[in-house]
Amino acid sequence: MSIKKELLSQLSLQQLKALADKKGVSFSTNKKQKEYYADWSEKEQIIDMMNDNNDISIKEIEDHIKSYKT
């Protein structure tokens with residue numbers, strides 16, 4: 001598992017959605033992606049999609065996690 005994915009896994013579903021919203025990331029899927037993600041939980045799906053997104057850095061994820069721990 002990548003460092004980015006491990007960090008994203010520490011966040012709750014709502015925290016993931018907040019980070020995505022803050023970064024302007026949308027989660028629209030095409031037919032193939034819907035089939036691929038059919039048996040995944042919403043959180044797992046979001047983590048996988050955000051992990052592939054180059055617009056979100058490890059530093060930003062770390063800062064987002066810290067914002068919930070203070």
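## A walk around the helices

α2 passes α4 in a left-handed crossing. Bear in mind as you look that this is a predicted model.

Which residues make the contact? On the α2 side they are L13, L16, K17, L19 and A20, and on the α4 side they are E42, K43, I46, I47 and M50. Leaving out residues up to four places away in sequence, L16 touches L8, L11, K43, I46, I47 and M50.

Now stay with α2 and ask which of its residues are buried. They are Q15, L16, L19 and A20. These residues cover an arc of only 140° around the axis, so they sit on the same side of α2. There's a handy bit of background here: an α-helix has 3.6 residues a turn, so residues three or four places apart point the same way. Turn to the other side of α2 and you'll find Q14, D21 and K22, which are exposed. What covers the buried residues of α2? The cover includes α1, α4 and α5.

Just after α2 comes G24, which takes a positive phi of about 70°. G24 sits in the loop between α2 and α3. Is G24 buried or exposed? It counts as exposed, because its relative accessibility is 65% and the cut-off for exposed is over 50%. G24 and D55 are 31 residues apart in sequence, but their C-alpha atoms are 9.4 Å apart in space.

Next, move over to α4, which runs over residues 42-51. This helix is mostly covered, with 7 of its 10 residues buried. The buried ones are Q45, I46, I47, D48, M49, M50 and N51. Which helices do they pack against? They pack against α1 (3-9), α2 (13-23) and α3 (31-36). E44 is also found in α4, but E44 is partly exposed, with a relative accessible area of 45%. From E44 to S28 is 16 residues in sequence and 15 Å in space, C-alpha to C-alpha.

Follow the chain on and you reach D52, in the loop between α4 and α5. D52 is exposed, and its relative accessible area is 54%. Now look for K4. D52 and K4 are 48 residues apart in sequence, while their C-alpha atoms are 9.3 Å apart in space.

Then there's α5, covering residues 58-69. How far does this 12-residue helix reach? From its first C-alpha to its last, α5 spans 17 Å, close to the 16 Å expected at 1.5 Å a residue. The buried residues of α5 are I61, H64 and I65. Looking down the axis of α5, you'd see these buried residues fall within an arc of 95°, so they line one face of the helix. The cover over them includes α1 and α2.

Why does L11 count as buried? Its relative accessible area is 2%, and buried means under 20%. Setting aside neighbours within four places in sequence, L11 is in contact with L16, L19, K43, H64 and I65. L11 and I61 are 50 residues apart in sequence and 9.2 Å apart in space, C-alpha to C-alpha.

That brings us to the largest nonpolar core, which has 13 residues. Which members touch the most other members? They are L8, L11, L16, L19, M50, I56 and I61. The elements giving two or more residues to this core are α1, α2, α4 and α5.

Notes:
Residues are numbered from 1 along each chain as its sequence is written. This is a predicted model: local features need pLDDT of at least 70, side-chain atom pairs count only at pLDDT 80 or more; totals for chains, interfaces and linings use all residues. Side-chain values use heavy atoms; hydrogens and water are left out. Buried means under 20% relative accessible area, exposed over 50%, partly exposed in between (1.4 Å probe, protein chains only). Helices (H or I, at least four residues) and strands (E, at least two) are DSSP runs, numbered from the N terminus. Contact means heavy atoms within 4.5 Å. The expected span of a helix is 1.5 Å times one less than its number of residues. The arc is that of the directions from the helix axis to the C-beta atoms. A nonpolar core is a set of buried Ala, Val, Leu, Ile, Met, Phe, Trp, Tyr and Cys residues joined through side-chain atoms within 4.5 Å. A crossing is left-handed if the near helix is turned anticlockwise from the far one by less than a right angle, and right-handed if clockwise.
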